[in-house]
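Below are my notes, point by point, for you to check against the coordinates.

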Amino acid sequence: VEVAGLPTDVDLVPGSNRFLAVLREQGLAYVVDLDGVLAEEEGAVAEIDVSGSLSGAALVTPDGSRAVLYTTIGGIKALALLDLEKEGYPWQSYPVQKSVVAVAVSDAGSTAVVFHEAESFNADASGLDKTIAGAQGFTLFDLDSGYRKLIQTDHHWTSHLFVVDSKGKDEKAYVLTPDPSQLSHSVQQVDLDTYIVEPLTIASTPTSMVYVPTSRKVAVAQDHLNGRLTFIDVDSGEQYSVTGYELNGLIH
């Protein structure tokens, strides 16, 4: 498949034999129908002008209906949403308040989490601009409505986890924000219906997470001398922790 330059990102489109390629320098994207290419059908390769989005990366939603276009180069404070189901593949750009560092899309594809980091600012910037620039955090982006909400955190994020309900609908997101000074570690619990965020305190440095559907709990592993797991109840937010000694005691 010939394109106008070197693709900077390629992503498969779930549910179809298509892929999406983005060319940063040329300001182009291509939707390629693999079956059509093999059959040498006309129109199997669709070229899309996305130059206004300044994008070099794409993240297709799990249902294959849309793609988030973005760039982590140049301090760009915007991203775009490309419709993969409508003719002509229309797209729309959305500004955010901080430069994009990384993007993740929820399991059901209704929310994107846009990750940021602390940035420098001009001496003549307003107090609000300085506060936003100097903060760590992430932006919640509702892909259906275009609504964006910046969440400022005390510390830099390290990893994230999405949880869906029994019907496969987006329910919660969890973001680890460990404290480098070892004073106030937390897990940011995000309600994906209301976008309300609740910081949950964790005693020691959180390192990774996994969701256990049978118990409706998120297990947070931590950097601890004896090993420690904290279990967060998805429904109530209640926590309890066990150390390596307690876990070992269950082995017979």
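**Notes on the model**

1. Let me start with glutamine 182, which is partly exposed at a relative accessible area of 48%; here buried means under 20% relative accessible area, exposed over 50%, and partly exposed in between, with a 1.4 Å probe and protein chains only. Glutamine 182 sits in the loop between E14 and strand E15 (185–191); helices (H or I, at least four residues) and strands (E, at least two) are DSSP runs, numbered from the N terminus. Its phi is positive, about 65 degrees, although glutamine 182 is not a glycine. Most residues other than glycine have a negative phi.

2. A word on the ground rules. This is a predicted model, in which local features need pLDDT of at least 70 and side-chain atom pairs count only at pLDDT 80 or more, while totals for chains, interfaces and linings use all residues. Residues are numbered from 1 along each chain as its sequence is written, and side-chain values use heavy atoms, with hydrogens and water left out.

3. Now the overall picture. The chain has 3 helices and 20 strands, and buried residues make up 46% of its 252 residues. Along the principal axes, the C-alpha atoms fill a box of roughly 65 × 55 × 30 Å. Among contacts (heavy atoms within 4.5 Å) between residues at least 6 apart in sequence, 35% join residues at least 24 apart.

4. Tyrosine 89 is not a glycine, yet has a positive phi of about 50 degrees. This residue belongs to the loop between E7 and E8, and with 18% relative accessibility tyrosine 89 counts as buried.

5. How many salt bridges does the structure hold? There are 6, a salt bridge being a side-chain nitrogen of Lys or Arg within 4 Å of a carboxyl oxygen of Asp or Glu. One of them pairs lysine 98 with glutamate 119, at 3.5 Å from N to O. Lysine 98 lies in the loop between strand E8 (91–95) and strand E9 (102–105), and glutamate 119 in the loop between strand E10 (111–116) and helix H2 (127–134), so this pair ties together parts that are 21 residues apart in sequence. Lysine 98 is buried, with a relative accessible area of 1%.

6. Another salt bridge joins the side chains of arginine 216 and glutamate 171, at 2.8 Å from N to O. Because arginine 216 is in the loop between strand E17 (206–212) and strand E18 (217–222) while glutamate 171 is in strand E14 (residues 170–177), the pair ties together parts that are 45 residues apart in sequence. Glutamate 171 counts as buried, at 17% relative accessibility.

7. Aspartate 233 and lysine 217 form a salt bridge too, with their closest N and O atoms 3.6 Å apart. Aspartate 233 is in strand E19 (residues 228–233) and lysine 217 in strand E18, so the link spans parts that are 16 residues apart in sequence. Both aspartate 233 and lysine 217 are buried. Salt bridges that share partners also join Glu171, Arg216 and Asp235 into one network.

8. Histidine 155 lies in the loop between strand E12 (148–153) and strand E13 (160–164) and counts as buried at 14% relative accessibility. Its side chain makes a polar contact of 3.2 Å with that of serine 184; such a contact is a pair of N or O atoms within 3.5 Å, where within protein one must be able to donate a hydrogen and the other to accept it, and residues adjacent in sequence count only if both atoms are side-chain atoms. Leaving out residues up to four places away in sequence, histidine 155 touches Gln136, Thr177, Pro178, Asp179, Pro180 and Ser184.

9. Serine 120 is found in the loop between E10 and H2, and at 72% relative accessibility serine 120 counts as exposed. From C-alpha to C-alpha, serine 120 and valine 13 are 37 Å apart in space, and they are 107 residues apart in sequence.
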